[in-house]
Structure formats: structure tokens, C-alpha cells
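Q: Please take a close look at a single part of this structure. Walk me through that part and its surroundings.

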Amino acid sequence: MAAALGGLGLLHGRFRLAAAAAATSSALGTRTPVRGGAAAFLSAGRSYGSEAKEEEELRVRYLDDEHKGIVVLGLNRSHAKNALNKNLLKMMSKAVDALKSDKKVRTVIFRSEVPGIFCAGADLKERAKMHSSEVGSFVSKARATINEMANLPVPTIAAIDGAALGGGLELALACDIRVAASSAKMGLVETKLAIIPGAGEGGNKTRIERGPRSKVEH
């Protein structure tokens with residue numbers, strides 16, 4: 001009996017994730033789907049219930065009308081390929097903290113506002129200027145923020161259009177579903193230097209939907 005109930009719970013969870021993925025495609029708009037069912041997500045030019053300022057490094061948008069309850073978090077550091085710096089992590093943590101207690105939120109979508117890039121990982125230029133005592137705190141903050149994302153009580157989707165490397169891939173792995181363009185490149189490139197991924201790799205969420213030309217680097 002317990003096994004049957006567990007199976008029903010898993011099936012219900014899959015239905016929720018499938019519905020969330022469909023909502024993502026409808027809300028953001030897609031390019032022509034590639035073989036394998038993956039699609040690259042672009043802004044559809046629709047109106048939002050809440051608009052963020054262009055210069056903000058994280059754009060938080062609450063969709064309206066038939067997509068009400070869907071929240072889009074857009075990485076917006078074009079000059080740094082959306083690299084994760086202290087300010088962006090602070091903004092992400094603040095946004096996720098607000099979302100986890102908002103009962104009106106049904107789905108959260110993480111995407112890039114910068115064409116051709118999802119997230120290049122940690123901002124190494126900023127890290128090079130950090131005192132050695134600051135590095136540990138930065139890594140701990142990154143891990144805590146990504147764990148907060150992974151523990152959100154609603155379905156989360158990463159829309160990957162471009163490169164998701166290092167901490168950028170770990171951010172995507174924290175989501176329940178990853179939908180990638182055929183041009184996407186994903187990799188934990190720090191392992192080439194015998195460095196363990198520092199932000200947690202998103203726990204055990206490993207489902208990736210992508211086109212046949214998406215590349216995964218190790």
C-alpha cells in the first residue's frame with residue numbers, strides 16, 4: 001500500500017513538472033523547436049505585471065493574465081556574461097526568500113536576459129580582488145543561495161540559451177527541469193583543475209531536456 005501511494009505521489013509530481021514546462025513555453029515564447037523537444041527561450045515581448053529596471057543585474061517579473069502565478073528571474077549582467085558576483089547572489093537570495101513564502105506563486109523560471117549566454121559561473125575578476133578571508137564567505141553564500149533555489153516549494157525551470165558553465169550549471173541543476181537550446185553548452189569546467197564544484201550542484205536534480213547538438217563538458 002505504501003509503495004502504491006509513493007508511486008501516485010511520484011506520478012503527481014511528474015504531472016506538475018510537465019505542466020510547469022508547458023507554462024514556461026507558453027509564457028516566454030520559443031524559437032522553432034529542435035529535434036528532441038528542446039527549445040531556446042526568448043522574450044516574447046508580452047506585458048508583465050511587474051517590470052524591473054534595465055540596469056538591474058537580476059530582473060524579477062511577475063507574469064499576468066493567463067500566466068498569473070509564474071515568476072521569471074532573469075540574469076542581466078551582459079558585460080560579465082551573467083557571472084555570479086556578490087551583488088547578484090545577494091539579489092537572487094532576496095528574491096528566492098520572498099518567493100518561498102508567496103502562496104500566489106505557482107512556477108519560477110530562471111533565464112538569461114543576455115542573448116547567447118545563460119551563466120558563465122563565478123565572477124573570477126571580482127574574486128581575484130577578494131581578500132583570502134572573503135572567498136570562503138562568497139562560496140558559502142553561493143551554496144546557500146543555490147540550496148534555497150533547490151528547496152523552493154513550487155516547480156522551478158531553467159531556460160538555458162547558451163553557455164551554462166561552473167556555477168551557472170550548478171544554478172541550473174538546482175531547478176526541477178532544465179530546457180536547453182540546441183546551441184547550449186553545459187559543463188563543470190572547474191573539474192579540469194581538480195576543483196570540486198563549490199555551489200552544491202543543486203542536490204540530486206539531474207533531469208535535462210536538450211537538443212541533439214547541446215554539448216556537455218566535463
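A: Start with the whole chain. Of the contacts in the protein chain with a separation of 6 or more, 65% join residues 24 or more positions apart. Contact here means heavy atoms within 4.5 Å. This is a predicted model, where local features need pLDDT of at least 70 and side-chain atom pairs count only at pLDDT 80 or more, while totals for chains, interfaces and linings use all residues. Residues are numbered from 1 along each chain as its sequence is written, and side-chain values use heavy atoms, with hydrogens and water left out.

The protein chain has five helices and ten strands. These are DSSP runs numbered from the N terminus, with helices (H or I) of at least four residues and strands (E) of at least two. Of its 218 residues, 46% count as buried. Buried means under 20% relative accessible area, exposed means over 50%, and partly exposed lies in between (1.4 Å probe, protein chains only).

The part to look at is helix H2, residues 86-99. H2 has 14 residues and reaches 20 Å from its first C-alpha to its last. That is close to the 20 Å expected at 1.5 Å a residue; the expected span is 1.5 Å times one less than the number of residues.

Which residues of H2 are buried? They are Leu88, Leu89, Met92, Ser93, Ala95, Val96 and Leu99. Seen down the axis of H2, these buried residues fall within an arc of 165 degrees, so they line one face of the helix. The arc is taken from the directions from the helix axis to the C-beta atoms. An α-helix has 3.6 residues a turn, so residues three or four places apart point the same way. The face of H2 turned away from the buried side carries the exposed residues Lys90 and Lys94.

What covers the buried residues of H2? The cover includes strands E1 (58-62), E2 (70-75) and E3 (107-112), and helices H4 (132-150) and H5 (167-173).

Take H4 next. Its 19 residues reach 28 Å from first C-alpha to last, close to the 27 Å expected. In H4, Phe138, Ala142, Thr145, Ile146, Met149 and Ala150 are buried. They cover an arc of only 145 degrees around the axis, which puts them on the same side of H4. These buried residues pack against H2, E3, helix H3 (124-128), strand E5 (156-160) and H5.

H5 holds Gly167. Gly167 is buried, at 13% relative accessible area. Leaving out residues up to four places away in sequence, Gly167 touches Leu84, Gly121 and Ile146.

H2 gives the most, with seven.

Lys81 lies between E2 and H2. Its phi is positive, about 55 degrees, although Lys81 is not a glycine. Lys81 is exposed, with a relative accessible area of 54%.
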